[in-house]
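Thanks for coming. I have one structure to go through today, so let me put it on the screen.

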Amino acid sequence: MNAPNGPSASTDEFKVAYILHRFPYLTETFIMREMYGLRDHGVDLQIFSLLPPVHTVVHQQAREMESLAHYSPYLSLRVFAALLYFAI
């Protein structure tokens, strides 16, 4: 991927963190498509869920993404560490 008048950058340099109130969640169809697209392009993708899952029925795509999910309570050290990691 080339930026206009700038250096080229590969997708392995990109990091994206999703901080969600709950993951997986039944109504996440749009965000799942977005996450799959990013992952398929080699983006370093992590999911931070502030609340644990509550539904037993979950999209198959969400099940496949569960290995990327980290569960932490609101404003925990893990959430702050994630923010710092992706901010740098």
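What pattern does the chain follow, read along the sequence? It goes β-α-β-α-β-α, with three helices and three strands in the chain. Helices here are DSSP runs of H or I with at least four residues, strands are runs of E with at least two, and both are numbered from the N terminus.

Some housekeeping. This is a predicted model, in which local features need pLDDT of at least 70 and side-chain atom pairs count only at pLDDT 80 or more, while totals for chains, interfaces and linings use all residues. Residues are numbered from 1 along each chain as its sequence is written, and side-chain values use heavy atoms, with hydrogens and water left out.

Now the chain overall. Of its 88 residues, 30% count as buried; buried means under 20% relative accessible area, exposed means over 50%, and partly exposed is in between, with a 1.4 Å probe and protein chains only. Taking contacts with a separation of 6 or more, 66% are between residues 24 or more positions apart, where contact means heavy atoms within 4.5 Å. The chain exposes about 6,000 Å², and carbon and sulfur atoms supply 63% of that area. Areas come from the Shrake-Rupley method with a 1.4 Å probe, and for residues only the protein chains shown count as cover.

Next, helix α3, residues 77-87. Its buried residues are Val79, Ala82 and Phe86. Seen down the axis of α3, these fall within an arc of 60 degrees, so they line one face of the helix; the arc is taken from the directions from the helix axis to the C-beta atoms. As background, an α-helix has 3.6 residues a turn, so residues three or four places apart point the same way. What covers the buried residues of α3 includes β1 (15-22) and β2 (44-51). On the face turned away from the buried side, α3 carries the exposed residues Leu77, Leu84 and Ala87.

Phe80 is also in α3, and is partly exposed because its relative accessible area is 41%. Together with Ile19 and Leu83, Phe80 forms a nonpolar patch on the surface, with about 260 Å² of accessible area in total. Patches are made of residues with over 30% relative accessible area and no salt bridge; like charges are joined within 9 Å, and nonpolar side chains (Val, Leu, Ile, Met, Phe, Trp, Tyr) within 5 Å.

Last, charges. A salt bridge needs a side-chain nitrogen of Lys or Arg within 4 Å of a carboxyl oxygen of Asp or Glu, and the count comes to one. Arg39 pairs with Asp40, the closest N and O atoms being 3.8 Å apart. Arg39 is partly exposed at 33% relative accessibility, and Asp40 is exposed at 57%.
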